[in-house]
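Subject: Structure for you to look at

Hello,

I am passing a structure on to you, with notes on what turned up in it. Please open it alongside this message.

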Amino acid sequence: MAEQKTVAATGNIMVAEAMRQCAPDMMAAYPITPQTTIVEEFAKFVAQGRVHTEYVTVESEHSAMSACVGASAAGARVMTATSSQGLAYMWEELHIAAGLRLPIVMANANRALAAPINIHCDHSDIMGARDTGWVIYFAETAQEAYDNTIMALRVAEHPDVMLPVMSTLDGFITTHSIDRAELMDDETVKAFVGDYVPENALLDIEHPTSHGNFAGLGGPYFEFKKSQRNAIDRSMGVIKEVGAEWSEITGRPFDVIEGWGMEDAEYVIIAIGSTAGNVRHVARELRAEGIKVGVLKVRVFRPFPFSEIADAIKGAKAVAVLDRSESFGAEGGPLFLEVRSALYDYDVRPAMVNYIYGLGGADVKLDLIRRVYSDLADIADGVAEPSGLVYLGAR
Amino acid sequence: MANIKELSAREDRLSGGHRLCAGCGASIAVRQVLLGAGETPLVAGCATGCLEVSTTIYPYSSWKTPFIHNAFENSAATISGVEAAFKGLKAAGKIPADKRVKFVAFGGDGGTYDIGLQSLSGAMERGHDMVYVCYDNGAYMNTGIQRSSATPFGAWATTAEVGKAQQGKTQRRKDLTSIIAAHGVPYVAQASISHWKDLTNKAEKAFAVEGPAFLNILTPCPRGWRTKPESTIEIAKLAVTTGFWPLFEVEDGVWTQTVKLRERKPIEEFLKPQGRFKHLFKPENAELLASVQTEVDRYLTYIEKRCACG
């Protein structure tokens, strides 16, 4: 294990530190709450001469991602950060970054989408971007936000992947809370991420290439999309390899899903992001009372760990999926839809309930989590029927 | 400034064989601009539009220089990113400090005056070392001749129709060149493909400055203007000689008319050969036709006065 420094820092500061250590050649910055302190902290690194990064203060998020696309196609290592309306404004460019196979790394401070306007945490923004072709990590803590950001770069630039990657953390809860975290030394991170050697770069002037060509008129658009699908499928193996390697260096375990008490759990809550901590806290209390509860945290949402999740929960009696975003008109929230689909091919399928919770930063009180476990026990005991979609704690 | 003999000896960086229409002004503008750039190594970008779809049909490309198309509204932001990458890679020591590369973005009037205005304004304000070239054919030609904010007053377009209740576009065109000049960038010019010497000189100046430069080039579109393909240059010339499209430049804030009109032709001579203005010549539209002349006079007077102030 390498030498690490224990720090007290917010998630955003840890992300900014990770970005500094990854040494991007270019960063496009546009402020939006609660992402702002990432680009502010990085601006300090620029002013202090601690990074060589060309820092481009664009006039919008659309231009942020547009400039990142240009810079990445030019052959630079590129990073940026956004949130909420900013991510929504980038939507067109998210697809283009993935379609052009550009290894851009972006942090997203997960925040609600208007209307009505709300600056607090939920996953509406990032879940809205779930099908844009980006690899998507979720962090529970500042530490995970830091680790995910560093691993994201390795995954993005891996020759078998070459896709953009998002490292997301929950707005305010993780972005702004001061947390204990281990900061790796610069040299170790530098060696871990290595040098980026681009192919077909625009700045390889002597070997001109055209990017973003027109593939209509019976052109190979369909085949390009197939190769993109193959790449994100391949990324699952790379995410695990890179995770194992970083884990070896840091001493912190990593997997695309992370279980607690799952070995013999009868009642399981699946959560994503910061809420996993609250759920684990309640689960510990219930275990102390002898109730066989488990927690499954999803750390990588794209590519979705279908078989990993199905294997982990197939023995449970009842499962609750907590979604911090809506998929209006669908059977449930995005995580629920994926988890339920993951179990389709299994003979034994536990009862499953979907809870929509915490939209726009609504509090996730421990009593609510206890209620979910209690609902699961009632369902497993046949006292209650699975009740479809529940708005947990809504007045 | 290069003469025609020198220009003809330069390599064409947009090769023939692309799928633009016969008589399209856009490719003429691009070739003149790139000739003006001389031997300077270039990365080019282009907004979605006729020029882009016709020159980059996969697996072919007409561009003999590195090229990127991103989307419709963001060729300025995209090329600003390429330029920033160049600086960042120099700072990283991955590109030699003395290496010179210039960056050029192309866009039509729809991608520049309208949907791309914010992206262009941002890139100009940030001071990137890049040239932005608008090929202005006065409408969304790629999607089928819809009006843009560059469409002239009174012109027909498929979203500014002619009928009992309306006679084409009811608004005047936006003066984008002055808007970009107001950004205080080192070089801004308005040019026409009919005045190749003036245009290539302006391109040469645009590529020579350190920092952002902007060229607004009038490029007739035979499909949208309802003109004969072989008349493209003639029509572009009439735009200048009638005062519809004054040729001027703004160098470090100093405004100069580069082609002065000794004798100005009436606007009818520019309008008459174009099917998009034919309704203006109906007897009942005489007043409207007169107001087109008034609008041209107003804009030309403004530019002349502005240039007289230096």
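Predicted model: local features only at pLDDT ≥ 70, side-chain atom pairs only at ≥ 80, totals over all residues.

Residues are numbered from 1 along each chain as its sequence is written, and chains are lettered from A and ligands numbered from 1 in the order in which they are written.

Confidence comes first. The pLDDT (the predictor's confidence in each residue, from 0 to 100) averages 97 over chain A, where 100% of the residues score at least 70. Within chain A, the lowest mean is 94, in strand 16 (residues 389–391), and the highest is 99, in strand 6. Helices here are DSSP runs of H or I with at least four residues, and strands are runs of E with at least two, numbered from the N terminus.

Next, the two chains. Their contact involves 40 residues of chain A and 39 residues of chain B; two residues are in contact if their C-beta atoms, placed from the backbone, lie within 7 Å. On the chain A side, two or more residues each come from strand 2 (26–29), strand 3 (54–57), helix 3 (61–74), helix 5 (91–99) and strand 9 (210–211). Helix 3 of chain A gives the most to this side, with 10 residues. By class, the side of chain A that touches chain B has 20 nonpolar, 15 polar and five charged residues. (Ala, Val, Leu, Ile, Met, Phe, Trp, Tyr, Cys and Pro count as nonpolar, Asp, Glu, Lys and Arg as charged, and the others, Gly among them, as polar.) Strand 9 of chain A also runs parallel to strand 2 (residues 67–69) of chain B, joined to it by two bridges; strands pair if DSSP finds at least two bridges between them. Ser210(A) is opposite Phe67(B) there.

Chain A itself has domain 1 (4–250) and domain 2 (257–391), with bounds from an automatic or database domain assignment. The C-alpha centres of these two domains of chain A are 28 Å apart. Their contact takes 25 residues from domain 1 and 20 residues from domain 2. Helix 9 of chain A gives the most to the domain 1 side, with five residues.

Just after helix 1, Ala23(A) takes a positive phi of about 50 degrees.

Some backbone details remain. Two peptide bonds to note are cis: Thr33(A) to Pro34(A), with omega near 0 degrees, and Tyr58(B) to Pro59(B), with omega near 5 degrees. Pro34(A) is in the loop between strand 2 and helix 2 (36–47) of chain A, and Pro59(B) is in the loop between helix 3 (50–55) and strand 2 of chain B. Asn200(A), not a glycine, has a positive phi of about 50 degrees and is partly exposed, with 14 other C-beta atoms within 10 Å. Ile145(B) has a positive phi near 65 degrees, but is buried, with 23 other C-beta atoms within 10 Å.

Regards

Methods. Buried ≥ 20, exposed ≤ 12 C-beta atoms within 10 Å, placed from the backbone.
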